[in-house]
Amino acid sequence: RKGNVIITGASSGLGLATAKAIGESGEWHVIMACRDFLKAEKAAKSVGIPKENYTVMHLDLASLESVRQFVDTFRRSGRPLDALVCNAAVYLPTAKEPIFTADGFELSVGTNHLGHFLLSRLLLDDLKQSDHPQKRLIIVGSITGNTNTLAGNVPPKANLGDLRGLSGGLNSLNCSPMIDGGQFDGAKAYKDSKVCNMLTMQEFHRRFHEETGIAFASLYPSCIAETGLFRNHIPLFRALFPPFQKYITKGYVSEAEAEAEAGKRLAQVVRDPNLGKSGVYWSWNSTSSSFENQLSKEASDAEKARKLWEVSEKLVGLA
Ligand code: NDP
C-alpha cells in the first residue's frame, strides 16, 4: 500500500517543496495540514502534485481545539499514519508586542512548539499502529536555535533559562510571554521555539523509540531566505540576507533551487531507508550528503528536555 504522511504548513516554503517531492512519486499520499484550505489547494495545484496523491485537511496550530479536531478528522479518514512532519512555523522578529494563540500562549512558541507538541503526542498512537516498515516522526529544527553554530550566535540567542515563563503559561498575566521569563523579543521567541522542537524530538526518542520502533528525527535542511518565514522581517534584512547567505556563509543557491533542494532533504528524512536512525539531528554538507550533526549544549540537555516535556504536557492539557 501507499505510505501516508502528514506535513504541517505544507501550503508554502519547505512544507510545500517536501509535499511536492514526496507527492509526485505515487508511493505516498500526502496529508497537507494547513490553516488556509484554499491557499493549500492552490499551492498543491501550482506545483503539480497529482490530485490522487494529496488531501488538504484544516489545522490551525495556534489553537489546541483545532489540533484536536484535526486529529479526529484524520482518524475519520480511515488512513493509517506512517510519518508525521512537524514543519509549520511563524517567525515574528520585528513584533514590538507579543501576540497570543487562542489558548493565550505567545504565538511563536505556542504555534511552533506547543501546537506541534499536542499534535505529535496525540498522533503517536496512530503511528504506533502503522504496519509500515519505517515509521517516522520528524520535527523541523533550525541552525538559529543552535548556539554552537555561527548563525546560532547572532543575538538575541536562544535561551530557555529555567522555563519559568513557560511554566507560568507564556503570557504577561502570570509571568512573561518568553520561556525564560524575560522581556518579549520576537526573534528570540522563534529561536527558543526551535530549541523546544529539537529537545522534544530527543525526549520522544528516549521515551518511545525502543518500545514503538518509531524513528524520531530533526533536521536543518539549509537556509531558504525567500520563504514566507521572512515575510515579517524588516525590508533591509530581506534585501540583504540572500546575498549575505550566498557570499558569506555560502549556504544559499537561488531561492527556487534552495527550496527544492531543502524539500528533497526533508523528503529523504521521511522515506530514505538510510536515514531511518532515531534520535538524530540531520544536516547536509556542501556536496549535499547527509550527516548526523551535533546540537548545542542547551539543545541536547536531557534534563531540560524532560522538564520541557512535563511543563508542555500541563499547558496542552495532557497532564
Ligand atoms: P514558510 O513561512 O514559507 O512556511 C511556514 C508554514 O507554516 C506556512 O505554510 C504557514 O501557513 C504555516 N503556518 C504558520 N502558522 C500556522 C498555524 N497556526 N497553523 C498551521 N500552519 C501554520 O516558512 P519555511 O518554509 O521557511 O519554514 C518551514 C520550516 O522550516 C519551519 O519549521 C522553519 O523553522 C524551518 N526552517 C526554515 C529555514 C529557512 O531558511 N527558511 C531555516 C531553518 C529552518 P500559511 O501558508 O497559511 O502562512
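A residue counts as buried when its relative accessible area is under 20%, as exposed when that area is over 50%, and as partly exposed in between (1.4 Å probe, protein chains only). At 14% relative accessibility, Phe208 therefore counts as buried. The model is a predicted one, in which local features need pLDDT of at least 70 and side-chain atom pairs count only at pLDDT 80 or more, while totals for chains, interfaces and linings use all residues. Residues are numbered from 1 along each chain as its sequence is written, and side-chain values use heavy atoms, with hydrogens and water left out.

Starting with the whole chain, the secondary structure comes to 9 helices and 8 strands. These are DSSP runs numbered from the N terminus: helices are H or I with at least four residues, and strands are E with at least two. Of the 319 residues in the protein chain, 56% are buried.

Ser66 counts as buried because its relative accessible area is 9%. Leaving aside residues up to four places away in sequence, Ser66 touches His58, Leu59 and Asp60.

Next come the aromatic rings. Rings of Phe, Tyr and Trp (its six-membered ring) pair if their centres lie within 6.5 Å; planes under 30 degrees apart count as stacked, over 60 as edge-to-face and the rest as tilted. By this rule there are 6 aromatic pairs. One of them is a tilted pair of Tyr91 and Tyr190, with 4.5 Å from centre to centre and 55 degrees between the planes. This pair links distant parts of the chain, 99 residues apart: Tyr91 is in the loop between β4 (83-86) and α4 (107-129), and Tyr190 is in helix α6 (residues 186-212). Both Tyr91 and Tyr190 are buried. Phe204 and Phe208 make another tilted pair, at 6.1 Å centre to centre and 45 degrees between the planes. These two both lie in helix α6, 4 residues apart, or about one turn of the helix. Phe204 counts as buried because its relative accessibility is 0%. Phe204 and Phe208 also belong to one aromatic cluster with Phe117, Phe216 and Trp309.

Finally, the charged side chains. A salt bridge is a side-chain nitrogen of Lys or Arg within 4 Å of a carboxyl oxygen of Asp or Glu, and the whole structure has 18 of them. In one of these, Lys45 meets Glu41 at 3.6 Å, N to O. Both lie in helix α2 (residues 37-46), 4 residues apart, about one turn of the helix. Lys45 is exposed, since its relative accessible area is 55%. Asp162 and Arg164 also form a salt bridge, at 2.8 Å from N to O, and Asp162 is partly exposed at 35%. Over in helix α9 (residues 302-315), Arg306 and Glu310 are 4 residues apart, so about one helical turn separates them. Their salt bridge has its closest N and O atoms 3.0 Å apart. Arg306 is partly exposed at 32% relative accessibility, and Glu310 is partly exposed at 33%. Elsewhere, salt bridges that share partners join Arg1, Asp82 and Asp131 into one network.

Terms used: Contact means heavy atoms within 4.5 Å.
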